[in-house]
Amino acid sequence: MEIEVAGNRYSAKSGGTSNNFRDGGSSSTYRDKMASDGGEERGIYLVWEDLTVVLPNFGNGPTKRLLQGLRGYAEPGRIVAIMGPSGSGKSTLLDSLAAALVKLCPDFPNLLLIVFIIDLATGRLSRNVIMTGNVLFNGKKRRADAGVAYVTQEDVLLGTLTVRETITYSANLRLPNTMTKEEIDDIVEATIMEMGLQECSDRVIGNWHLRGISGGEKKRVSIALEILAKPHIMFLDEPTSGLDSASAFFVIQTLRNVARDGRTVISSIHQPSSEVFALFDDLFLLSSGETVYFGDAKMAVEFFAEAGFPCPRRRNPSDHFLRCVNSDFDAVTATLKGSQRIRDVPKSADPLANLATAEIKARLVEKYRRSSYAQKVKARVEEISAIEGLEVEIQSGSEASWWKQLSTLTRRSFVNMSRDVGYYWARIVIYIVVSICVGTIYYDVGYGYTAILARVACGGFITGFMTFMSIGGFPSFIEEMKVFYREKLNGYYGVTVFILSNYLSSFPFLVSIALLSGTICFYMVKFRSGFNHYVFFCLNIFGCISVIESLMMVVASLVPNFLMGLITGAGIIGIMMMTSGFFRLLPDLPKPFWRYPVSYINYGAWGIQGAYKNDFLGLEFDPLIPGDPKISGEFVVTNMFGVPLDYSKWWDLSAIYLILVGYRILFFIVLKLKERALPFVENLYSKRTLRTLEKRPSFRKVPSFASKRHQPLHSLSSQEGLSSPLN
């Protein structure tokens, strides 16, 4: 078995013309050139053969086959509908083709593709499955580096932005720098009009506190984001899910128009209406991972009639097809008959009433396997696979410059933060309220002996518990991370741009929190006076809050689940508070681990030490016993709280900012490792899985027919640039 992933953007007639357009040109010229690449001669031809996906079981249980030796193709200008009952393998087939095209694993032994994607928002295969077979992209053994769009069933959008803003920001992130603002606006408006979004273009998408557009409009926005850059091939996972019949018809009609522009469209769909079904060109009917029918959608009714299961008049063909192949309720029917709840039903002329669905499905599968329809598909697959003379061009998913991506993403993120009440505004209000509470409780704390403990407790609360409230932005950040994963997969921008833009957009809000809470606490509690001490106090709060934000970003990248992320982040911050030197003095911490190295990489330890030095040094306090000498601040810091004075408070502050930079770098490394190290892990996992499966006779499959495609196995990287094996 082989996985042959091929990629090409132009036919021989294109002459290898570049699609970068970095020499400028009007928006109409841009759209004309993009459209000229989309004709049937220059479109994308996708072929899959012997495509099998299994879910291995290394225990005693059976290995589940999700897809069983599927064969099919997709051509430009046509919509392929993947249909079947729940659990039939529709999404698995769609995800398998998309995963093969983007070549998530660069090198897997014997071309056995092991797909176990961690990112939740990508819409790709999310289980440890094994995919074998042949996937050809324009007859070449190269992947599709660009021009592939994937619209997931879940609409991953920023709810605070309007429809026009969402599409405009996406256009600025991807379209060339040489295009002017007017040209980009023209393309955005044309896309809005094409998707029928004029009436809701100035309404927000909607989130937990903002009422937004309808579900059908959200689905059209998701599609608009992908057709904006005119992709050559589009995958859509149940685009009509949750929509009424009118909205579903409009969405599919729009996709039909996109396909007629020379694009290749493959969509899974659950149960379309008769009007929607009539819009599809090709139908791939699945049941339990087996092919029931593949071919012209209009000929499916004829096939079922030839098989002895004609579609009754005035019945939706898709309803009839699903009724014939959905065997999930055979056991229920048998149980009802056995319990005599279904009594002596006379035999009907309708074969569906006399046969079990499992038997009907088996007959249809066998009928198709021996039919002329399957032979036509096989011939067309070989014809498409033998395409020659296509020149390959590889380009990035975005043609915008790094600086334009950074500025655009920063503006978008700032607008999102400004409009999302839960991102920063709620925290600002809570910080103000808590700061007023702290200021009134410790108001004019004074210089008595009891004021020593009061100042320490107040400083520990501000640098520890108050900064802990920064965890409240985690839910909003999780939503932004979902958008990042989707856009990163589609090549909008890179990891560095995302990290920098997120920090730049959040900077004004973090400064506001630090200034407001710092000013209220500093002047109400009356810490050591002086502008120098006030500046340090605010910078200390700002650094601690920023570190918590960065820490939660790292947690979100490792634990994308909302609840588990909150629990993990709260646990880590709790450990930091315990080792910060407030609950137990730093010299008393156990040396092997908690003192070295935990307290040294703990922002709270440096924050509290700096706060002590900033407040106590230079002050004198009343003694416990009247008449004794006054207690100096230096004595309090060194002898009572074990803080050394070998270095200044500014070094403590610098350590906090070094930890902040370290967390940002760690965030970058985690995202990069998930992007680049994951294929290496998959490679190791695939070798182990292959060794195990090779011991099973059921996986030593021999092709059922002679084919030049089954050649000696090579790694995927060594296949790039080779011609089709069917030549």
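User: Hi! Where is Ser288 found?
Analyst: Hello! In this predicted model, Ser288 sits in the loop between β9 (282-287) and β10 (290-296).

User: What is phi of Ser288 near?
Analyst: Phi of Ser288 is near 55 degrees, which is a positive value in a residue other than glycine. For context, most residues other than glycine have a negative phi.

User: Which residue follows α18, and is its phi positive or negative?
Analyst: Lys526 follows α18, and the phi of Lys526 is positive, near 65 degrees.

User: And α18 itself, how far apart are its end C-alpha atoms?
Analyst: They are 43 Å apart. Helix α18 covers residues 495-525, and its 31 residues should span 45 Å at 1.5 Å a residue, so the two values agree.

User: Where does α18 bend?
Analyst: The bend is at Phe507 and amounts to about 40 degrees. A proline, Pro508, follows within four residues.

User: Speaking of prolines, which peptide bond is cis?
Analyst: The one from Tyr596 to Pro597 is cis, with omega near 15 degrees. Most peptide bonds are trans.

User: Where is Pro597 found?
Analyst: Pro597 lies in the loop between α21 (591-595) and α22.

User: Ok, now α22. At what angle do the axes of α16 and α22 cross?
Analyst: The axes of helix α16 (residues 449-468) and helix α22 (residues 603-616) cross at roughly 145 degrees and come within 10 Å. The crossing of α16 past α22 is right-handed.

User: Which residues in α16 and α22 meet?
Analyst: From α16 there are Ile452, Arg455, Val456, Gly460, Thr463, Gly464 and Thr467. They meet Tyr603, Gly607, Ile608, Ala611, Tyr612, Asp615 and Phe616 in α22. By class, this contact of α16 with α22 has 7 nonpolar, 5 polar and 2 charged residues.

User: New topic: how do α3 and α5 pack, at what angle?
Analyst: Helix α3 (residues 163-174) and helix α5 (residues 215-227) pack at about 20 degrees, with their axes 10 Å apart. Angles under 35 degrees count as roughly parallel, so α3 and α5 are roughly parallel to each other. Here α3 passes α5 in a right-handed crossing.

User: Who meets whom there, or rather, which residues in α3 and α5?
Analyst: Val163, Thr166, Ile167, Ser170 and Arg174 in α3 meet Val221, Ala224, Leu225 and Glu226 in α5. The contact of α3 with α5 divides into 5 nonpolar, 2 polar and 2 charged residues.

User: Last one: how do the axes of α9 and α12 cross?
Analyst: Helix α9 (residues 317-325) and helix α12 (residues 357-369) have axes that cross at roughly 105 degrees and come within 7 Å. That makes α9 roughly perpendicular to α12. Arg323, Cys324 and Val325 of α9 make the contact with Thr357, Ile360, Lys361 and Leu364 of α12.

User: And how many residues of that contact of α9 with α12 are nonpolar?
Analyst: There are 4 nonpolar residues, along with 1 polar and 2 charged.

Definitions and conventions. Residues are numbered from 1 along each chain as its sequence is written. This is a predicted model: local features need pLDDT of at least 70, side-chain atom pairs count only at pLDDT 80 or more; totals for chains, interfaces and linings use all residues. Side-chain values use heavy atoms; hydrogens and water are left out. Axes are lines fitted to C-alpha atoms, for helices over the stretch in contact, and angles run from 0 to 180 degrees between N-to-C directions. Helices (H or I, at least four residues) and strands (E, at least two) are DSSP runs, numbered from the N terminus. Angles under 35 degrees count as roughly parallel, over 145 as roughly antiparallel, 65 to 115 as roughly perpendicular and the rest as oblique. Contact means heavy atoms within 4.5 Å. Ala, Val, Leu, Ile, Met, Phe, Trp, Tyr, Cys and Pro count as nonpolar, Asp, Glu, Lys and Arg as charged, and the others, Gly among them, as polar. The expected span of a helix is 1.5 Å times one less than its number of residues. The bend at a residue is the angle between axes fitted to the seven residues ending there and the seven starting there. A crossing is left-handed if the near helix is turned anticlockwise from the far one by less than a right angle, and right-handed if clockwise.
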